[in-house]
Amino acid sequence: MTQYTVTRSSAAARAAAVIGAIAVALLIAAPWWAGRADLRLLGELFLYLSLASLWNLLAGYAGLVSVGQQAYVGFGGYMLFALTMFAGLPPLVAIAAAGVLGALISVPVAALIFRLRGAYFAIGTWVMAEVFRLSFAQVSALGGGSGTSLPTDIVRSMADGRSAREALSYWLALGAALLVVTVVYLLLRSRKGLALTAIRDNELAAGSLGIDIWRTKFFVYVTTSALTAMIGALIFLQKLRISPDAAFNVNDWTAFVIFIVVIGGIGTIEGPIIGTLIFFALRETLADLGTIYLMVLGLFAIVMMLKAPKGVWGFIRDRFDLQLFPLGYRVKRDPSKGA
């Protein structure tokens, strides 16, 4: 009798783990082998990867297609400035506090917009982001509509010397990306992750099996909001200046993130990673073309959606049956047992 085994891992996943560990070690050492411009670029890449992974968790698994995540990016950035300038908190403590406050503010927001469905939900998230933008534009202590810069003494308190501060900002961005990917991975491997997968595949069937759909989506929304606020704080810690238009910019913090996820492969952990690499490769290659760069991005997205609707990783996964982040169980025939 042929024997079968149930497993989550695979040879590809184990090889990816080894390669990933080596890559992380090299990236940690980047301040000693990369220039300042390279560090800034890599730091920005890691922050976009974090935002894309969080949006993918929200839309690709919980089915909450938000076009208003810039609300929490801007909120986190403003909380960093407010907590460091007025409460006297160190920047690193303020980043964590921004995440807590992001989770708290997301509770009433979720209670309101969860009454909406489909396209109305997406529009509702954008409206809430505009409410955030207009609200912070009225806070004169934070520069009002023109914004403000982080005081020099706060910037210098992070580390001694410009090189040390840039290295610290880089490590924070790298750590944020590793934290977000790890949280998403562990969440999707948990019982809540199983519930999310069921909701993604068939919400009606998931509800009939006893899954509390509203509570599961609420948990994911609050979690992503908290982490997005922390990422927003890191973004504006690097920029050292904030304004309502920059903090709540739908193009920078939502449109590009959606592009990354759709191109890479929505509903997968690998998709945002690949999508981020593709996005930055296109941006660095075509940035000198001006507005044509945005047209090329749009054309690329259209072609990808027509030729590979599941994204680059979805195409690779279906073609070669690869899974670098094993989530579900797989039944395999063991040729060494039975006949």
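Here is a short chat about a predicted model and one of its helices.

Trainee: What should I know about the model before we start?

Mentor: Residues are numbered from 1 along each chain as its sequence is written, and side-chain values use heavy atoms, with hydrogens and water left out. Totals for chains, interfaces and linings use all residues, side-chain atom pairs count only at pLDDT 80 or more, and local features need pLDDT of at least 70.

Trainee: How many helices and strands does the protein have?

Mentor: Both are DSSP runs numbered from the N terminus: helices are H or I with at least four residues, strands are E with at least two. Counted that way, the protein comes to 16 helices and four strands.

Trainee: What radius of gyration does the protein have?

Mentor: The radius is taken over C-alpha atoms, and the globule rule is 2.2 Å times the number of residues to the power 0.38. For 339 residues, a compact globule would be near 20 Å; the protein agrees with that, at 21 Å.

Trainee: Which residues of helix H9 are buried, and why are they on the same side?

Mentor: Buried means under 20% relative accessible area, exposed over 50%, and partly exposed in between (1.4 Å probe, protein chains only). The arc uses directions from the helix axis to the C-beta atoms. In H9 (residues 191-201), the buried ones are Gly193, Ala195, Leu196 and Ile199. They share a side because they cover an arc of only 155° around the axis.

Trainee: Which exposed residues does the face turned away from that buried side carry?

Mentor: Look at the face of H9 turned away from its buried side. There you'll find the exposed Arg191, Leu194 and Asp201.
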